Each structure stands twice: as C-alpha cells, then as structure tokens.
Amino acid sequence: MRLALSLENLIDNLQKLPTIGPKTAQRLALYILKMPEAEARNLAAAILEARDRIKPCIECGMLCDTERCNICEDDQRDSSTICVVGETSDVMAIERTGYRGRYFVLNKDFHVMDDNALDGLNLKLFSDRLAGGAVREVVLALNPDIDGEIMSRYLAGVTNKFGVRVTRPAHGLPVGGNIEYADEITLRRALEGRREF
Amino acid sequence: MNYRSRAIILKTIDYRDADKLVTLFSEKHGKVRAVARGVKKPASSLRVCLQPFCHSNLYLSGGKELENVTQGKLIDFFPNIREDIDLTLQVLYLMELLDKSLMDHMALPSLYSVTLTVLEYLNTHGNNPLAIRYFEANLLKYLGYQPLLERCVNCGTQSGKLQSFNLVRGGVICPECSKTLTSDFDFSGEALSILRLISSRDVNTMHRIKASQAALKNLEFFLEKNLEYHLERRFNMKKTIRTLKYL
C-alpha cells in the first residue's frame, strides 16, 4: 500500500534519527499526526529553535545557547585544569563526579581508520588556550578504545609542545562489579594501576 | 548458517545506538561482516573480544543481509602491542590492508596463519619495521601478486644489475629490457637483498636481519606502491601514521 507522500516523507525523516527503525518511525509519525495541532507546531518550532540557537561555545566547544557556555563563564572554576572530552554528553557525565575544572569538547566523531581521520579538528582553539599560560594540566578523558587512545596520543603531542602536564583517567573495575566477570584488558590495566591500600 | 570460527577483528564501526558493525577475518570463512548487538553496553561480554586486532573465538549466525555475532571468547588481545601506540598504529595499518584486500567469504587459512604469527611476533619482540614489510610481502604473495625478484621478468636473464622494477609486469627488469619497459621503481642493492630474504624466511627471524634506514625506507615505499597499484586503493592509516610521526 502506498502512503500519502507527506506521511512517507515524515517517516523517512524520523528514520534518520539514531535508534529509530522503520516501525518506530511509522509509530512516531502517526502519533505526531494525532497530536493536537498546537503541540505538533510546538515540537517543530522547538526543533528549529534549538537548531538555530545552539552553537558550540567559542572557548570550549560545548553546545550552548550563548556565546560562552556557563562553565566558561563561571569564575569559581579552576582554570589551570582542562578536561578534553569527545562530546557534550561526556561533559554532563564528568560534571556528576564533582570535577571543578574547565573543559574542551572536540565535537568530532573520530575513527582512526577513516579517510582524513585527523582533519576537521579545531585544534587552533585548543592550542590558543594552552598558549595563554594559565593551564597547568590537561586531562585526556576520551573513550578508552583504540580511537580514543590514538586521539589522546595526538592531543598529548600538541599539549607537550606547551610544556603542560598531560594526564588521563585511570582504567579500572566498576564499583559494584564482579571480578569474575571483568574482561581481561580492564582487569590487567586495573592491576597495573593498583594503589597502596 | 550458524558456525564457530577463530577470527581476527579488522575493524568496528558504530551501528545504531548500542550495536557495532564488525569486519573480521575468520579462519574458516575469510572476511566476514557481522552485526554485534548491544556490544556498546558496559555489561556486554562481547565488547572485549571485538576490539580491533583481538584474536577471538566467535559464534556467528546468518542474518538476512549481515551475519550476527552471537557469542565470543577472547583468545589473545596482544597486550604489549596495545601498550605501544606506534605499534598499535602499525597493526591497525595491517588490519586496513586485510580489510581492503580480502573479498567477503573467501577463506585464506595460510594468510590467516601468517597474520596471527606476525601479531604474536610483534607482541613478543615489539615494533620491527621488517615484520610489517614481511606481512606486506606475504599479503602480495597470497593475493597472487608476488613480485618476481630472481630474474628479469621480461627476458628471464639472471645476470646483470636487476634493480629496476616494472609494476605492470610485476618483476625486476634487466638494464637491456629497461630500455623498452618502464622502470617504475629503483631498488637499492640492500633493499632488494632484504626483500629476497624476508620473502623466503619465517617472521621469527626478522629481528636477526640488519637493515639500514635508507634500505627500510626504500622497501617500505616499494611495497606500498605495489599494494596501491594492485589493490587500486590508498591506505588511510599510512596518512595518519605520517601525520602523528611529524607532530
């Protein structure tokens, strides 16, 4: 059966979103059509507004609706430490730990085996912050996979030129986890990084 | 079709929210593309055995388009390679070579065995450019592009200076034949001897071979050019390695 063109178009567009398959896209499209008109317009307006207003912070790259994000605006934060993360969602995770330093968000999906993997990185912004002289430590908190390791190496190379200390979070066992079920790589690194008790 | 096979993970890419698309080089079925569902979740037991260049025992089941990785057990994750980022980059280059040269579902058990031996060698002995060159030379051999180095590929003579290489003919050419055939590459005497040596030896003897930096560069350039010519592909990892090297 052929659907109305506009409905088909809506389903196709919803399907482009992550985790949305054809059936979910169809269910969402039909739900949107059943919504009161005002709600549907609000949803469309909210998408457009967020798309127009949310931009990377000019200092750290985190997505925000002002020129500088509220973390960069906060004078109480420790400007001597910069935590480098891949995405804005990583900032939210690290904020929950009580970290009070600054951030630098790469906003780039890096895959080492892709063509031009290292292109498109805004490293001038990063270098400018290091050149300012206030930074004493850079924490490379990228994903602990091959891509994250290689990107960390790349950024460590850039950071070393400024004589700034480079660190990264420890690898270890999750709280509440079970040693029996821990994978070999994590367990090995956890043992290597053991501390005095 | 459901089967179990040992496999080396060539690459993984994100697929949907928690899944990954895995390209692997299996012992029994050659290069296979499969979906690993839920593998990005922290509790996934498959996560560790699907890291690039891990050697794992995997259970695969046939899907509509792609196969599915249903279970897996890690055999070796080559910890010493992972500790050395330069070596990791070199090994990722080997994985890219395999990914770009192998056809799906074409079993090559001998090449599989060579790959495994090279990974084990690098894990034990650390970074050795000759082991990488050994792999490249063997890859050319198993793909059917082994260069002819002992005699002139055109007239068959074994005498004279055989240091020019013709890519189209796939072998060295004598000074006489190089008047009519293009010389795409000029070997140094040392590089040619090393290439002959690594083509006939086992990888475990690579650390006993002494080579100058100039000969290693000559050899690297030759094998890269040869692979690019035959596979008609460029290798992204080479570019990344060079960028990182000159930082």
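Which residue in β7(B) is the bridge partner of B:S164? Keep that one in mind; point 4 picks it up.

1. Ground rules. This is a predicted model, where local features need pLDDT of at least 70, side-chain atom pairs count only at pLDDT 80 or more, and totals for chains, interfaces and linings use all residues. Residues are numbered from 1 along each chain as its sequence is written, chains are lettered from A and ligands numbered from 1 in the order in which they are written, and side-chain values use heavy atoms, leaving out hydrogens and water.

2. Two domains in chain B. You'll find domain 1 at 1-77 and domain 2 at 79-247 (bounds from an automatic or database domain assignment). Their C-alpha centres are 28 Å apart. Have a look at B:F25, B:K31 and B:F53: they supply 39% of what domain 1 buries against domain 2, more than any other three residues.

3. Charges between the domains. The rule finds 4 salt bridges across this interface of chain B (a side-chain nitrogen of Lys or Arg within 4 Å of a carboxyl oxygen of Asp or Glu). B:K31 turns up again here, in a salt bridge with B:D99 at 3.4 Å, N to O.

4. In chain B, 3 strands make an open antiparallel sheet, ordered β7-β6-β8 (strands pair if DSSP finds at least two bridges between them). β7 (171-173) and β8 (185-186) are the edge strands. Strand β6 (residues 164-166) is joined to β7(B) by 3 bridges. And the opening question: B:S164 has B:I173 as its bridge partner.

5. Chain B against chain A. Here 29 residues of chain B meet 25 of chain A, with about 2400 Å² buried, 67% of it from carbon and sulfur atoms. The rule finds 1 salt bridge across this interface: A:R153 with B:D86, whose closest N and O atoms are 3.0 Å apart. On the chain B side, α2(B) gives the most, 7 residues.

Notes
Buried area = accessible area lost by both parts, 1.4 Å probe. Helix = DSSP H or I, 4+ residues; strand = E, 2+ residues; numbered from the N terminus. Contact = heavy atoms within 4.5 Å.
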